[in-house]
Amino acid sequence: MTQTVPVPQGLPMQRDAGPFDPPSEITRLRAARPVSPMVFPDGHEGWLVTGYDEVRQMMADTRFSSRQDIGILHMPYETPGMPTPTEPSPPMPGMFVAMDPPDHGRLRKRLTGAFTVKRMKQLEEHIVEITEQHLDAMAKLVPPVDLVKEFALPVPSLVICELLGVPYEDRESFQASSAQLMVRDQTLEEKMAAFIGMNTFLTELVTRKRETPDDDILSDLGRYDDLTIEELAGAAFLLLLAGHETTANMLALGAFALLENPGQLAELRADAELLPGAVEELLRYLSVADIFFRYATEDLELGGETIRAGSTVIVSLLAANHDPRRFEAPDTLDIHRNARGLLSFGHGVHQCLGQQLSRIEMRAGFEGLLRRFPTLALAVPAGEIKLKTDMNIYGVHALPVTWTE
């Protein structure tokens, strides 16, 4: 059966094994007991799932609910973008990531046409143009510069703004709100202020889109009479938040990882055909969106353990993507690896809707960055890079880089 291991008191979050590896305590738990009991800060007993096979099985099983009103009282951390209630409450309208079938499917199906592989491929040329424009602007600056500020954040922000129909001139406001929502340890008042600010902005925007539609996703959604303004605002909230935060962090953290692996970087510079596989490997290796919650709706078996109805279950995608039972030498960045089956975009009915868009942005971003700046290097020692260990999506707060002409 399972080995006897100490039950963690709270979720191990300290990245003591390095900036790109799971916390050593998570790695130890995965090796000993991939479905481990854990005690939450409020004393509630739940589960932590770290093994690849177990994570994949759990995320494919809709009996593990995504509805936060089932287990909200026991959440040690909040889902990004969601307020922090003190008692169970219904999901935010339109926030389909926190819904179960059939409600989840009703909203998601409205968006599947907007995020098809074909439509994303049609956008690829324009995404490359946006990328090159920002690289042109960065090349005119005197190094060192912050890669996050000048490139990693503005590129996906502009792309998602154009796609959704959000005025780009409003980016500073929504970026400030979304960044605040990502902070793990903050007061309820701080989180609610950011939540209300962003929700108010998006409610006004989707109301205008419904009255005067344009050629964008929010206008397309507004044409569905069965979607309320509240649902439209909630869906916009989720898409805008996820559409730039995850890719921005992948671009910056991915650049950091490549600069810290000069052999891999040199191979990638020498052979651009390696880029698609390298993006998949970076997605696996970094897993910037790591922690997800589920709630057992009935007694369930997972990894040889009995999960009782009502239990809160935390899943670590980073741990699963670094499971040696699935990936050989998983803590090593290997751009030649076949990372097929990675779980960075989730699995099952909640698998990320915008994953193809994210891949296109990363391919364009890394290709352009490495081509335009062949001498790119960190401008400070790696140990001085401030990591987002305080945020719900992992990355770097800033990445000072330099280059020679």
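1. V39 stands opposite E45 of strand 2, and strand 1 (35-39) pairs with strand 2 (residues 45-49) in the antiparallel sense over 5 bridges. Two strands count as paired if DSSP finds at least two bridges between them, while helices (H or I, at least four residues) and strands (E, at least two) are DSSP runs numbered from the N terminus.

2. The model is predicted, with local features needing pLDDT of at least 70, side-chain atom pairs counted only at pLDDT 80 or more, and totals for chains, interfaces and linings using all residues. Residues are numbered from 1 along each chain as its sequence is written, and side-chain values use heavy atoms, leaving out hydrogens and water.

3. The open sheet is made of 5 strands in the order 1-2-8-5-3, with mixed pairing; its edges are strand 1 and strand 3 (64-65), each of which pairs on one side only.

4. A salt bridge (a side-chain nitrogen of Lys or Arg within 4 Å of a carboxyl oxygen of Asp or Glu) joins R325 and E54 at 2.7 Å, N to O. This pair links distant parts of the chain, 271 residues apart, with R325 in the loop between helix 14 (317-321) and helix 15 (355-372) and E54 in helix 2. R325 is partly exposed at 49% relative accessibility, whereas E54 is buried at 10% (buried is under 20% relative accessible area, exposed over 50%, partly exposed in between, with a 1.4 Å probe and protein chains only).

5. D216 and K209 also meet in a salt bridge, at 2.8 Å, N to O; D216 is buried at 3%, and K209 is buried at 10%.
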